[in-house]
Amino acid sequence: MTSLAPDEFRSETIYLNTASHGLPPRRSLAAVAEVTERWAAGRGAPMSSDHLVPEFRAACARLLAGAHADHLAIGGGAATLIGPVAAALAPGAEVLVAKGEFASVTMPFVHRGDLVVRAVPLEKLAAEVRPGTDLVAVSVVQSADGRVTDLAPLRAATEAAGARLLVDATQAAGWLPLRFADADYWVCATFKWLLGARSVAFFAAAPEAAAALRPLAPSWYAARDPWAELYDPIALPDTARRFDATPDWLGVVAAHAALELLEELGIDRVHAHNLRLANQFRTGLRDLGFDPVPGDSAIVAVPGAGDLAPRLDAAGVVASARAGGLRFAFHLHNDDADVDRALNALAG
C-alpha cells in the first residue's frame, strides 16, 4: 500500500522519525516560499499573512472534537503555554505526572519550586488521583515509547477528586482522534504529527477552566483589538485568545497548509493508516526476536536495541535513539516498503 499523500513528500530516506520532527508537505514549502518571495521583493512582510491566523485557529479547534476557535490560543511552544496553568496553582499544590513524562510537560511545575510534583507509573495514573491532587499533567501519547494514555478513566478520576486535567497532545494530534471534553487544558506543538512549524503551538481550554488562569505576560497581539491598541492597551478579550503570543507568521503559513492536507485526508483515515503500518512493524519485530512496547500506537519503541542504530543509518532509515532503545514513528507519508526496509536493516 502506498502512502496517503505520495505527491506531497520528497524524502530521500526511509523517514520514521515524525515523533521528533514531521516532514513538511510540498504545499507548506510552496506557501512559505511564496510569502518569502513577496517579502524579499518588498511587497509585504510575513505579517501580511495575519489573515491566516483565525483560519489556523479554527483548524486547530477542529482537531479537538467539540472545541471552538474561541477556546484556543496560539503560542510558540507547549511549555510556555502551560505557564499560566502552573502559575495559577496555590503553593504546596499537588501535581500528579507520569514517570518518564516528557520534560516540557513537567518542568513548568517542577521548577516553580513550591509545588508537590508526584510521579507514578502511567498505567496507575488514574488510580493515584486522590482528594489532595490539584492537577494531573500528562501526554496523550508518551514521547519515550508511544504508550497511549486512556483519558476516559483519568478524566473520571480527576472530576471525582475535584482536580484539573492538563494534557499535551503533541505526539497525538494529527493521527489520533481527540475529544475536547476529555481534559480541562490542552497544549500541542505543531511540528511533529501536524507537520507544521517548530515555532507554532496551541493551547485550548473551555471558558470555565480558563477563567481560573491569567496571562502571565500578554503581548500586543493578545489585546481585544490588537491593531487599535498598539500604543494604548485597553482590554484583553474574554476568549482564550487573551493567552496569544505574537505569532511567527511564516510558521503559521506552513502549519496552516499542513493542516489543510490533514483535513483533506481525515484524521480517521490517517489513524487507520498509521496503526496498520505500526502494527505490521511490531509483528515483524517479534518475528526477529525483538520485544517492542505493546499497544495501538503510531510510535513503536524497541527497548535495548539502541546499539543497532548504525544499521539503520547504513540503510538510510531515520529513527530515534531513546534511553538505550530505538523509537520509530509511522505517519501518512510512509508505506509498506518502509516497514520492510526498516525490518531488513534491523535483521542485518
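What follows is a short exchange about this predicted model.

Colleague: Start with strand E4. How many of its residues are buried?
Modeller: Five of the five residues of E4 (residues 94-98) are buried, so the strand is largely enclosed by the rest of the structure.

Colleague: Which residues point which way?
Modeller: Glu-94, Leu-96 and Ala-98 point one way from E4, while Val-95 and Val-97 point the other way.

Colleague: Which strands is E4 joined to?
Modeller: Five bridges join E4 to strand E5 (residues 116-120), and the two run parallel. Four bridges join E4 to strand E6 (residues 133-139), also in parallel.

Colleague: What do E4, helix H4 and E5 make?
Modeller: A right-handed β-α-β unit, with H4 covering residues 103-110.

Colleague: Switching to packing. How many residues are in the largest nonpolar core?
Modeller: It has 65 residues, and those with the most contacts inside it are Val-140, Leu-178, Trp-186, Phe-202 and Leu-332. Helix H7 (residues 249-265) gives the largest share of this core, nine residues. The core draws at least three residues from each of domain 1 (14-25 + 267-347) and domain 2 (29-264).

Colleague: What does Val-140 touch?
Modeller: Leaving out residues up to four places away in sequence, its contacts include Arg-147, Val-148, Leu-151, Asp-168, Leu-178 and Trp-186. Apart from that 65-residue core lies another core, of 28 residues, among them Ala-73, Val-97, Phe-109 and Ala-201.

Colleague: Now the backbone. What is phi at Leu-195?
Modeller: Near 60 degrees, a positive value in a residue other than glycine. Most residues other than glycine have a negative phi.

Colleague: Where is Leu-195, and is it buried or exposed?
Modeller: Leu-195 lies in the loop between strand E9 (185-189) and strand E10 (201-205). It counts as buried because its relative accessible area is 1%, under the 20% cut-off.

Colleague: And what about Ala-323?
Modeller: Ala-323 has a positive phi of about 50 degrees and is not a glycine. It is found in the loop between strand E13 (320-322) and strand E14 (325-329). Ala-323 is exposed, with a relative accessible area of 91%.

Colleague: Last one. Where is Ala-181?
Modeller: In the loop between strand E8 (178-179) and E9. Ala-181 counts as partly exposed, at 48% relative accessibility. Ala-181 and Leu-194 are 13 residues apart in sequence and 21 Å apart in space, C-alpha to C-alpha.

Methods: Residues numbered from 1 in each chain as written. Predicted model: local features only at pLDDT ≥ 70, side-chain atom pairs only at ≥ 80, totals over all residues. Heavy atoms only, no water. Buried < 20%, exposed > 50% of the residue type's maximum accessible area, 1.4 Å probe, protein only. Core = buried A, V, L, I, M, F, W, Y, C linked by side-chain atoms within 4.5 Å. Domains from an automatic or database assignment. Contact = heavy atoms within 4.5 Å. Pairing = 2+ DSSP bridges. Right-handed = clockwise from strand over helix to strand, strands pointing away.
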